[in-house]
Amino acid sequence: MRRITRIATVGVMSAALALSVTACGESSSSSSSSSDSKDNKAAIAYDIGGRGDQSFNDAAFAGLDRAEKDLGVKGTEAEPSEGESDADKVQRLTSLARAGNNPVIGVGFAYAPAIKKVAPKFPKTTFGIIDDASVTGDNIANIVFNEEQGSYLAGVAAAKVTKTKTVGFIGGVETPLIKKFEAGYAQGVKDTDPSVKVVPQYLTQPPNFDGFSKPDLGKAAAQGQLDKGADVVYSAAGLAGSGAIEAVSKAGKWNIGVDSDQYSQEGLAAYKESILTSVTKDVEDSVFNLIKSVQDGKPETGEVRYGLDKDGVGLAMSNPAFTKMTEVIAAVDEAKKAIIDGKITVKTAP
């Protein structure tokens, strides 16, 4: 797999474009010539935190990695830079499209403004954006999830296992997307046991997105929640969540992970026994499916939604300690069926 590292600042955009295209093994070309390429190439541009976050970005990488193995696709990865602007993202996506990658996938809602600018310039290239449906186009696939549904199940589990009647929620950055996680979690808790208190906390506010990338922030927030009596902490904070997981694990309390099955993540192996479960989003399959659709000549476009009904979100069952909690699992299964059957409508805002 080829990897594009951080691209230079906007002030030297033209030079950076040339360098990044060269890094892809391509010479500079127009959108029309790149779209005629016979090479099977696909690219993902990572969200804040980059690959190695043990969560969201790593799930996207898994989809690209599987496409390389199963479809013979040549994959390219592009890393974000700290404090980058939308112009940096435009530059990154442009270089990936010019290099003949199809599809080009932006991992995270932060890529919406850039895809809005770049996609019309490469009409024969499919652009995917994960976690955003605000920017649409004939060649844009909006890959979205019902995060609130998976989070509801996490709330059911948390309410069942808490002994202190206090559970925590840590959101990386206070955005509408992350508030979906909070909303579903809090509703699941309250519907299961109204006496349980939910303590929410956000690490940063937009436009500061450090809350997705700074483990120390997550660690400090988790310690604060533990000090308030929380004995279950659900973190939706990307790489920053790893800091929360560490703090909660060392306190001997329960973590609930996010996006990937964090119990199985190698980088979190030291804390795995504390990870009761994780709210999973099938980002891996969504990336693989989009790449395959392009390879099959029937590219996905428009909204592509993954919910409980398609197992696009759910709870991980990797921790044997969790699966042995038969009463908890039964309550989770009951709630899942009720959501799928339309008997429970999960809120998307607190």
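How many residues does helix 8 have, and what distance does it reach from its first C-alpha to its last? In this predicted model, helix 8 spans residues 215-227, which amounts to 13 residues. The helix reaches 18 Å between those end C-alpha atoms, close to the 18 Å expected at 1.5 Å a residue. The points below describe the surroundings of this helix and then the nonpolar cores.

**Helix 8: faces and cover**

- Gly218, Ala221, Ala222, Gln225 and Leu226 are the buried residues of helix 8.
- Viewed down the helix axis, these buried residues fall within an arc of 140 degrees, so they line one face of helix 8.
- Exposed residues on the other side of helix 8 are Asp216, Ala220 and Asp227.
- The cover over the buried residues of helix 8 includes three strands, namely strand 7 (166-173), strand 8 (197-204) and strand 9 (232-236), together with helix 9 (240-250).

**Nonpolar cores**

- In soluble globular proteins, nonpolar side chains tend to be buried together.
- The largest nonpolar core here holds 63 residues, and within this core Ile130 and Tyr185 touch the most other members.
- Helix 6 (residues 147-161) supplies the largest share of this core, with 8 residues.
- Beyond its neighbours within four places in sequence, isoleucine 130 is in contact with Phe56, Ile105, Gly106, Val107, Gly108, Phe109, Ile143, Phe145, Val283 and Val287.
- Another core, of 19 residues, lies apart from the largest one, and its members include Ala45, Leu96, Val118 and Phe127.

Terms used: Residues are numbered from 1 along each chain as its sequence is written. This is a predicted model: local features need pLDDT of at least 70, side-chain atom pairs count only at pLDDT 80 or more; totals for chains, interfaces and linings use all residues. Side-chain values use heavy atoms; hydrogens and water are left out. Helices (H or I, at least four residues) and strands (E, at least two) are DSSP runs, numbered from the N terminus. The expected span of a helix is 1.5 Å times one less than its number of residues. Buried means under 20% relative accessible area, exposed over 50%, partly exposed in between (1.4 Å probe, protein chains only). The arc is that of the directions from the helix axis to the C-beta atoms. Contact means heavy atoms within 4.5 Å. A nonpolar core is a set of buried Ala, Val, Leu, Ile, Met, Phe, Trp, Tyr and Cys residues joined through side-chain atoms within 4.5 Å.
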